[in-house]
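Here are my notes on the model, as numbered points. Please read them with the structure open.

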Amino acid sequence: MILPLHDRLRAHLGRLLAQLYSLDAQTTPAVPLEYPPTRELGDLGTPVAFELARRLRKAPRAIAQAIAGAFGALEGVARVAAAPNGYLNFFLERRGFLLDRLLPDTSRRPPATAAKAIVEHTAINPNKAAHIGHLRNSTLGDTLVRVLRFRGVPVEVQNYIDDTGVQVADVVVGFRVLEQKTLDQIRELAGSTRFDYYCWDLYARVTEWYEQDTARLTHRAETLHAIEHGGTDAADAAAFIADRIVRCHLQTMARMNVDYDLLSWEGDILRLQFWAQAFEVLKASGAVYLQTEGRLAGCWVMPIQDEPEAHSPKPEARSEPADEEDQAEEREKVIVRSNGVVTYVGKDIAYQFWKLGLLGRDFQYRVFAGRPEGPLWATCSSGGETDHPAFGGAAYVYNVIDVRQSYLQKLLKQALIASGHPEAAERSHHFSYEMVALSHATARELGYAPPAGSEDATRPFVEVSGRKGLGVKADDLLDTLVRNAGREVASRNPELGEAERERIAQMIGIAAVRYFLIKFSRTKIIAFDLEEALSFEGESGPYIQYAVVRANNIFQKLWQRDGLNEAGVVASLANVPAAELEGGNGGHELWQLVLDASRLDEVVEQVVRSLEFSVLAKYAFSLAQAFNAFYHRSPILNEERDDVRRWRAAAVIYLRDQLTRALDLMGIGVPPRM
RNA sequence: GCGCCCGUAGCUCAGGUGGAUAGAGCACCGGCCUUCUAAGCCGGGGGUCGAAGGUUCGAGUCCUUCCGGGCGCGCCA
């Protein structure tokens, strides 16, 4: 970790600048810290002299020299230098830097004093198998959870289950109308087939069946109504299907190392009348009102501010006088329809209120499944456990949901502001990301080729469609990846037993997908290509795992051959000359490794600030890359100079530990062999 | 029409709150396995950063306009 050093250096420089140039808190410039392009120039550097040059009317170089001259002593900093171009550079105490970081990793975590955050992710309709797009959501969501926890934020992970929606209703129609199945027959089927796969196909068939005769949509409406009111065969079927499919999804996600604290069921939000409660709040605050005229007469509506921050009056002095009256007309979003039924937005507002502790009403809770770490909880409407953890009521909320929902997520924040909770709106984040589409090659493999000359054929990718059944099922993808990884593992480690090989193959396959889904910016559409995702070479999760496995091998052999363990190496360093680390043997490669490895906390800080995980992925990859290059050039086991050997080992211990942590933040484990 | 996003090497993409010589993977070419696992390493070719203006000591990064592409804007969820 290097952030504490940054902080001390900034504070020291801040005091120094204030003193040297008679600046106060207002006028002292921020001190940006960077890494000079080579270690010859320094380990840390700042261009702060450029900023001061304008104000002081002096050359940057002269300012840098003045600061360097007055710098004095700061623990951890060996030397300060003013570069000819005006940069101010710092050289660190390398030996102490590394030794500090090799101390046992206790009490280093920031204390969990921060306020609770809720992260909601996954939220797959419980009517069919999960696909590759869902994996992007849950991988991003789970990585967010891990990264926040690393920063010391207590996180509650929720998975929203839309068990009362159209998609579940459609599968109910498929079973009951299309296939004429009773609930018992559905149950039997669920016990004897891949139920989520079966529903995947059935859902596509129902969609097609509707398209053949749109009058058949009455079945959907009837089923939807039945589900909402309960107590019918159709409602029971819906409940059974949703429960079973959710369990399938949980299994898929468990393979991905994705886990939850609470499953929030939409049915409970309805039955417990969260909306009625939220409606009172919204009415009382005037956030919604009853429209009495126009086409929305009879609806409860919320005014929409299109440009909340556009306060530029646009001095259009010559705007046409009377006309364009309707330009001033406020846009309105319907929250409650004229028939009295609340819209999706309304339900979402109620849920968001509950997440932030603003609703004044709570769910009941049941144990949904047992796990080694403790029960997985789910909401319920009645008969819940009396003893359960406290859920909801968070200070921060992150809704992980794709970019197409931006408009609605914006309305959510407006509702919070309008009902008098601007600070809650400020703490509500829409964690948005772009879609996963299919490359043409992969779509073709799946049996879908857009007709030549059609619009789809000209696009760079093919859109997935659950309704058409077009997409890569998550478990199929994982199976393929694991199978490929298993073949590789077997050919390299023929002595491994089947169970161990399978376990390792799982870890490698998961690393491949998770890394693949993290390495692109959130705002980038991923054109998923099977062949590309199957590659374990180059910039991939397995590449990084491989680096750690190699590092671990070194220490295994060091122990077997020389009886030297890691603790022994670290303990011996105090009396060993550190020329190899300090550049005395020519070159700074070893130190570069240590410095890079120390930056994990800085990278995570940036990741949380920008909510951009590709930064973490690239960081881990470049660390692995640096290690692999070092590995080839600088032996440890066969290094004859004992001091060199020990410092190399020490640096690799630290790098390996940091890389392992980085992988863990991405939900990727380290196999014992590869 | 309005809003959001994308445009960087042949392809796919990175490029902290502007800073030191624009990077990586894949593909292509040439090397490296009696020495800690070749899922690796080393070397090579490859760029008007969509275009034009502007701000700045300094712009791939910030502002404006334009071009090309995607998505969103419902008494659907």
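1. Are Y543 and F621 buried or exposed? Both residues are buried, where buried means under 20% relative accessible area, exposed over 50%, and partly exposed in between (1.4 Å probe, protein chains only).

2. On conventions: this is a predicted model, in which local features need pLDDT of at least 70 and side-chain atom pairs count only at pLDDT 80 or more, while totals for chains, interfaces and linings use all residues. Residues are numbered from 1 along each chain as its sequence is written, chains are lettered from A and ligands numbered from 1 in the order in which they are written, and side-chain values use heavy atoms, with hydrogens and water left out.

3. The whole structure holds 21 aromatic pairs. Rings of Phe, Tyr and Trp (its six-membered ring) pair if their centres lie within 6.5 Å; planes under 30 degrees apart count as stacked, over 60 as edge-to-face and the rest as tilted. In the pair of F274 and F363, the centres are 4.5 Å apart and the planes stand at 40°, so this pair is tilted. F274 is in helix α12 (residues 274–285) and F363 in the loop between α13 (344–355) and β10 (364–369), 89 residues apart. Helices (H or I, at least four residues) and strands (E, at least two) are DSSP runs, numbered from the N terminus. F274 has 0% relative accessibility and counts as buried; F363, at 5%, is buried too.

4. Y543 and F621 also make a tilted pair, with 5.1 Å from centre to centre and 55° between the planes. Because Y543 belongs to helix α21 (residues 541–562) and F621 to helix α26 (residues 614–633), the pair ties together parts 78 residues apart in sequence.

5. Ring pairs also join Y160, F274, Y351, W354, F363, Y365 and F391 into a cluster.

6. Helices α5 (residues 132–150) and α19 (residues 498–518) have axes that come within 9 Å and cross at roughly 85°. Axes are lines fitted to C-alpha atoms, for helices over the stretch in contact, and angles run from 0 to 180 degrees between N-to-C directions. Contact (heavy atoms within 4.5 Å) involves residues including L135 and R146 of α5 and V513 and L517 of α19.

7. Helix α8 (residues 195–212) has buried residues, among them F195, W200 and Y210. The buried residues of α8 pack against α6 (166–178), α7 (183–192), α9 (217–229), α10 (233–255) and α18 (474–492).

8. T252 sits in helix α10 and, at 2% relative accessibility, counts as buried. Apart from neighbours within four places in sequence, T252 contacts A474, D475 and L478.
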